[in-house]
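Trainee: Could you walk me through this one? I would like to go from the cavities to the backbone.

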Amino acid sequence: MAIWTHLIRFVAEEDGKPYFATCDSKLLNIGESAKGFESLTELGKANGGDAKTYTIKEMIAPVKPDLPIVCIGLNYANHAKEASLEVPKNPPMWYKPPTSLAGPGTIPVPKVAQDHFFDYEGEFTIVTSKDAKDVSVEDAPDYILGYTIGNDLTARLFQIGQYTYAKSFDHFAPIGPAILNAANFGAVKEKRVKTKVNGDVKQDSPVDLIWGPAELVSFLSQGRTLPAGTAIMTGTPAGVGWFQKPQYSLKDGDVVEISIDGLGTLKNTMKFE
């Protein structure tokens, strides 16, 4: 893999195809030019060198679009406390299908979710670098490509006994804006995650995970293959809309901004269909 700091994915103005590109901490924007690579494999082989230059038409999720997204629950003590739930022995998990993947920008929200308490969950997100199976906690960091931001959007009233159904609608896994190389991130627990809705802070917490990145990659790889490029949403801290006083369900036109130190801000506008 080439040496890089930030990794983005975009749609090119010239041919309408998606490409990966590398950049520094000043992320590239729509209308700017970037050297595009069709895959992470191509990027690695090129060593970040010669490649065709394209104009960025649209920013999209910086992860592979054909893999399910893994979600972890109850990974913050403060969220378990607000939900009056006991932290289990092993991390609760579920999948969002590839069709739930989205990037920064507008999120089309289906009618069925609008009417069932549409909620946000700001989440620190892991992206794996290579296939992992039966990986130890000690070796797990070698399987982590980097980190990004995710929003585990949820139709909360379906969640009782229906976690996957509540969370797996189309576009219900916005991720981005970029992947930061894990080697450049530093200590996870020293970072903060902050979620704003229409500019109002709803979540503000240290990224104080009960199960850290290495533990999660190891746990998820036991007895099964965790494919390269898998995005793992690691759980949300206290402050989701369901537990606000008064409760707050996302509305048409609401702007959700999730920021994590070093990873930038994932900004989405909710558009009711």
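Mentor: The largest cavity has a volume of about 40 Å³. A cavity here is a set of points on a 1 Å grid over the protein atoms alone where a 1.4 Å probe fits but cannot get out. Its volume is the space filled by probe spheres set on the points, which are joined across faces, edges and corners. Keep in mind that this is a predicted model, where local features need pLDDT of at least 70, side-chain atom pairs count only at pLDDT 80 or more, and totals for chains, interfaces and linings use all residues. Residues are numbered from 1 along each chain as its sequence is written, and side-chain values use heavy atoms, with hydrogens and water left out.

Trainee: Which residues line the largest cavity, and how do they divide by class?

Mentor: Lining residues have an atom within 4 Å of a point. For the largest cavity they are V63, K64, L67, P68, I69, L101, G229, T230 and A231. Ala, Val, Leu, Ile, Met, Phe, Trp, Tyr, Cys and Pro count as nonpolar, Asp, Glu, Lys and Arg as charged, and the others, Gly among them, as polar. On that basis the lining divides into six nonpolar, two polar and one charged.

Trainee: Which residues lie nearest the centre of the largest pocket?

Mentor: A pocket is an open set of points with protein on both sides within 12 Å along at least five of seven lines. The largest pocket holds about 400 Å³ of space, and its lining has 12 nonpolar, six polar and five charged residues. Of the 23 lining residues, those nearest the centre are H79, L85, R156, Q159 and Y163.

Trainee: Why does helix 5 count as largely enclosed, and which strands do its buried residues pack against?

Mentor: Helices (H or I, at least four residues) and strands (E, at least two) are DSSP runs, numbered from the N terminus, and buried means under 20% relative accessible area, exposed over 50%, partly exposed in between (1.4 Å probe, protein chains only). Helix 5 (residues 213-221) is largely enclosed by the rest of the structure because seven of its nine residues are buried: P213, A214, L216, V217, S218, L220 and S221. With contact meaning heavy atoms within 4.5 Å, these buried residues pack against strand 5 (69-72), strand 6 (93-96), strand 10 (122-128), strand 11 (144-151) and strand 16 (231-233).

Trainee: Is D134, with its positive phi, buried, partly exposed or exposed?

Mentor: D134 is in the loop between strand 10 and strand 11, and its phi is about 55° although it is not a glycine. Its relative accessibility is 47%, so D134 counts as partly exposed.

Trainee: And where is H171 found?

Mentor: H171 is a residue other than glycine with a positive phi, near 70°. At 30% relative accessibility, H171 counts as partly exposed. Its place is the loop between helix 4 (163-167) and strand 13.
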